[in-house]
Amino acid sequence: MKVLFTGGGTAGHINPALAVAGYLRQKEPETEILYVGNRGGMEERLVQKAGYPMALITISGFQRKLTPKNIVRNFQTVRRVFTATAEAKKIIQDFAPDVCVGTGGYVSGPVIREAAKLGVPCVIHESNAYPGVTTKMLSKAVKTVMLAVPDAKKYFDSSVNCTVTGNPVRSEVLAAEREASRNALGLDSRPLVLSFGGSLGASALNRAAAYMLAQSAKEKKYQHIHGYGQHDEKFMEETKEFGLNQEENPQIRLLEYIDNMPQCLSAADLVIGRAGAMTLTEIEAKAKASILVPSPNVAENHQFHNAMALVRRGAAEIIEEKDLTGEALWRKVEKILSDPERLASLGENAGKMEIIDANERIYRVIRQAASKGKS
């Protein structure tokens, strides 16, 4: 089987494709894989690091805020749509895939559209509860739209073939065990709060966390691991402003980047973070209670919709960024951790949302589409 993957712009579009590609290789080692991405995009680095062959096109997205500079950029995007379509067509004809798989981001638009025109069976995967613009535009041109959560189905026309597959979960996350992880991290019996805002950081969440950590340090009831990200140089100063002396509080660990996330997540009692699709998928996979702070700076405000999919099922609590303060965050942490029943209920309900066989479901959809294309 020859499979062409496309998707890019953010790790939330790229990592699901890489996870599925890895699973395909496990199921059918002879599978030929080609990944089509955008020149200069994050996918160029991540896909090459994963070891998959790659082809590149040049495409950009439309700017919605119409400033003079953005109007010029939009004209450039219109030109690139035509050149990217031609590039995509040649790549598809040369590779001759049995099936094309799109995982979102504007790079997948010209690739999936052109593949469908050429008669190649196409499927797309939507990792968020609120589908992206590209996914909705492509939905009628593909055989199947795979959804991470049932909530997304209402945003598609009734003629679109949708199926709920869930999001693929990294094998390292599934394999991590709570007690082994806590022992490896040198934790004691106190609850562990894991908080982070992503690899680049999130200044609003970091400032609230700085206050929370300083308050927690006074009572020493909890342990903390906080990832503040590489672009938030102010965070360490903010912790000092709020009175946190890290040397006197070894139960609080402040890290620029959490490079052992599967272990930390497995060990945690309460997770605080953004509401990106893959973060929530891993929270569900490990059945963790969480406080979610959706980023308002994302397309279609999709993180809010992602978070609410859990909140409506009693699987998480939410603080919108407009309401986020250190005091509000600390009150919510104290309320949850002082109520063992609530803590357990949030985790159990998150676990009920997990689709543990997501990789297998996605594989079956891809295999079926490829088989129909040959028949």
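Student: What covers the buried residues of α13?

Tutor: This is a predicted model, by the way. In it, the cover over the buried residues of α13 includes β8 (192–196), α8, β11 (270–273), β12 (289–292), β13 (317–318) and α14 (340–353). The residues being covered are Gly326, Ala328, Leu329, Trp330, Val333, Glu334, Ile336 and Leu337.

Student: How do you know that the length of α13 agrees with what a helix should span?

Tutor: Take its 12 residues at 1.5 Å a residue, and the helix should span 16 Å. The C-alpha atoms at its ends are 16 Å apart, so the two agree.

Student: Now α11. What makes it largely enclosed by the rest of the structure?

Tutor: Count the buried residues: 8 of the 9 in helix α11 (residues 277–285) are buried, so the helix is largely enclosed. They are Ala277, Met278, Leu280, Thr281, Glu282, Ile283, Glu284 and Ala285. Just after α11, alanine 287 has a positive phi of about 50°.

Student: Why is threonine 134 called buried?

Tutor: Buried means under 20% relative accessible area. Threonine 134 has 17% relative accessibility, so it counts as buried. You'll find threonine 134 in helix α5 (residues 133–138). Leaving out residues up to four places away in sequence, threonine 134 touches Gly105, Tyr106, Ser108 and Gly109.

Student: And why does proline 53 count as partly exposed?

Tutor: Its relative accessibility is 42%. Buried would need under 20% and exposed over 50%, so proline 53 lands in between, as partly exposed. Proline 53 sits in the loop between α2 (42–50) and β3 (54–57). Apart from neighbours within four places in sequence, proline 53 is in contact with Ile33, Leu34 and Tyr35.

Student: How many residues separate proline 53 and leucine 324 in sequence?

Tutor: They're 271 residues apart in sequence, and 43 Å apart in space, C-alpha to C-alpha.

Note on methods:
Residues are numbered from 1 along each chain as its sequence is written. This is a predicted model: local features need pLDDT of at least 70, side-chain atom pairs count only at pLDDT 80 or more; totals for chains, interfaces and linings use all residues. Side-chain values use heavy atoms; hydrogens and water are left out. Buried means under 20% relative accessible area, exposed over 50%, partly exposed in between (1.4 Å probe, protein chains only). Helices (H or I, at least four residues) and strands (E, at least two) are DSSP runs, numbered from the N terminus. Contact means heavy atoms within 4.5 Å. The expected span of a helix is 1.5 Å times one less than its number of residues.
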